[in-house]
Amino acid sequence: MLEKMADFFENRLDGYDEHMMTNIEAADEFYPFTAKQLPTTENCHVLDLGCGTGLELQEYYLLNPSAKVTGVDLSQGMLAELKRKFAGKDITLILGSYFDVPFGENVFDAAVSVESLHHFTKEEKVPLYTKLKRALKDGGYFVLTDYLSLSDEEEQMHRQNLRELKTEQGISDDAFYHYDTPLTVKHETEALLEAGFSSVEVLKNWGATYTIKAVK
């Protein structure tokens, strides 16, 4: 049964970190790699979209203990666990959807998102990425590490499967339900460029998980 996004993660808080690190291929590699792409300047400000329990921050704070982080997530339980793990760090936590939360303008040195954005269409992402680009300082950048489809056919199949499940379960609202519908690298890149990022580069991949850097 499909679950609303926030409910899905609230219901899986126990054991979440262990699940991500043991069941997601190459997680022990892509979390540290992602953290290494973020700025190491003292007191820099980083926005984390779908921060969850902060698995990427665990690595990042080893590299930059003074970083200021603003984390946005739908799950109160995830945010509470993140706060517990990083007590004493300069973290601002926002409960809500990153589609709805205002980010401000010219606020952040960088932004990051890991394994969160593979549930949304290109059309849904472009306005989010446009808002994100405005929130970055000049020279700022966004590091996205996420699960992507390896072909147009795979992308379309995921989207069709979700439509069929919603029909079968009588779901007609516009709320976000947890179901993986990853874009292809091409469509993810197009969304970032349409949002106004000046350059988009694939840094590395582990099977279907890619790290992409988009520069304001």
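Thr-209 counts as buried because its relative accessible area is 8%; here buried means under 20% relative accessible area, exposed over 50%, and partly exposed in between, with a 1.4 Å probe and protein chains only. The model is a predicted one, in which local features need pLDDT of at least 70 and side-chain atom pairs count only at pLDDT 80 or more, while totals for chains, interfaces and linings use all residues. Residues are numbered from 1 along each chain as its sequence is written, and side-chain values use heavy atoms, with hydrogens and water left out.

Thr-209 belongs to strand E7, which covers residues 209–215. Helices (H or I, at least four residues) and strands (E, at least two) are DSSP runs, numbered from the N terminus. Once neighbours within four places in sequence are set aside, the contacts of Thr-209 (heavy atoms within 4.5 Å) are Phe-30, Glu-115, Thr-145, Asp-146, Tyr-147 and Lys-204.

Rings of Phe, Tyr and Trp (its six-membered ring) pair if their centres lie within 6.5 Å; planes under 30 degrees apart count as stacked, over 60 as edge-to-face and the rest as tilted. The whole structure holds 13 aromatic pairs. One of them joins Tyr-129 and Phe-142 in a tilted arrangement, with 5.7 Å from centre to centre and 50° between the planes. Because Tyr-129 sits in helix H6 and Phe-142 in strand E5, this pair ties together parts that are 13 residues apart in sequence. Tyr-129 and Phe-142 are both buried.

Charged side chains make links too. With a salt bridge taken as a side-chain nitrogen of Lys or Arg within 4 Å of a carboxyl oxygen of Asp or Glu, the count comes to 9 salt bridges. In one of these, the closest N and O atoms of Lys-137 and Asp-109 are 3.4 Å apart. Lys-137 lies in strand E5 (residues 136–147) and Asp-109 in strand E4, so their bridge ties together parts that are 28 residues apart in sequence. Lys-137 counts as partly exposed because its relative accessibility is 32%, and Asp-109 is likewise partly exposed, at 22%.

Another salt bridge is formed by Lys-122 and Glu-190, whose closest N and O atoms are 2.9 Å apart. This pair links distant parts of the chain, with Lys-122 in helix H6 (residues 122–135) and Glu-190 in helix H8 (residues 185–194), 68 residues apart. Lys-122 is buried, at 17% relative accessibility, whereas Glu-190 is partly exposed, at 22%. A salt bridge also joins the side chains of Lys-125 and Glu-188, at 2.6 Å from N to O. Since Lys-125 lies in helix H6 and Glu-188 in helix H8, this bridge ties together parts that are 63 residues apart in sequence. Both partners are buried: Lys-125 has a relative accessible area of 1%, and Glu-188 has 0%. Through shared partners, salt bridges join Lys-122, Lys-186, Glu-190 and Glu-194 into one network.

Grid points are joined across faces, edges and corners, and a volume is the space filled by probe spheres set on the points. The search gives 1 cavity of 30 Å³ or more, and the largest cavity holds about 280 Å³ of space. Among the 24 residues that line the largest cavity, Phe-9, Gly-50, Cys-51, Asp-73 and Ser-116 are the closest to its centre. Helix H1 (5–10), helix H4 (55–63) and strand E2 (68–73) each supply at least two residues of this lining. By class, the lining has 13 nonpolar, 8 polar and 3 charged residues; Ala, Val, Leu, Ile, Met, Phe, Trp, Tyr, Cys and Pro count as nonpolar, Asp, Glu, Lys and Arg as charged, and the others, Gly among them, as polar.

The backbone deserves a look as well. Most residues other than glycine have a negative phi. Ala-26, however, has a positive phi near 65°. Ala-26 lies in the loop between helix H2 (16–23) and helix H3 (27–36) and is buried, at 16% relative accessibility. Glu-25, found in the loop between H2 and H3, is exposed, at 60%. Asn-106 also has a positive phi, near 55°.

Technical notes. On a 1 Å grid over the protein atoms alone, a cavity is a set of points where a 1.4 Å probe fits but cannot get out, and a pocket is an open set with protein on both sides within 12 Å along at least five of seven lines; lining residues have an atom within 4 Å of a point.
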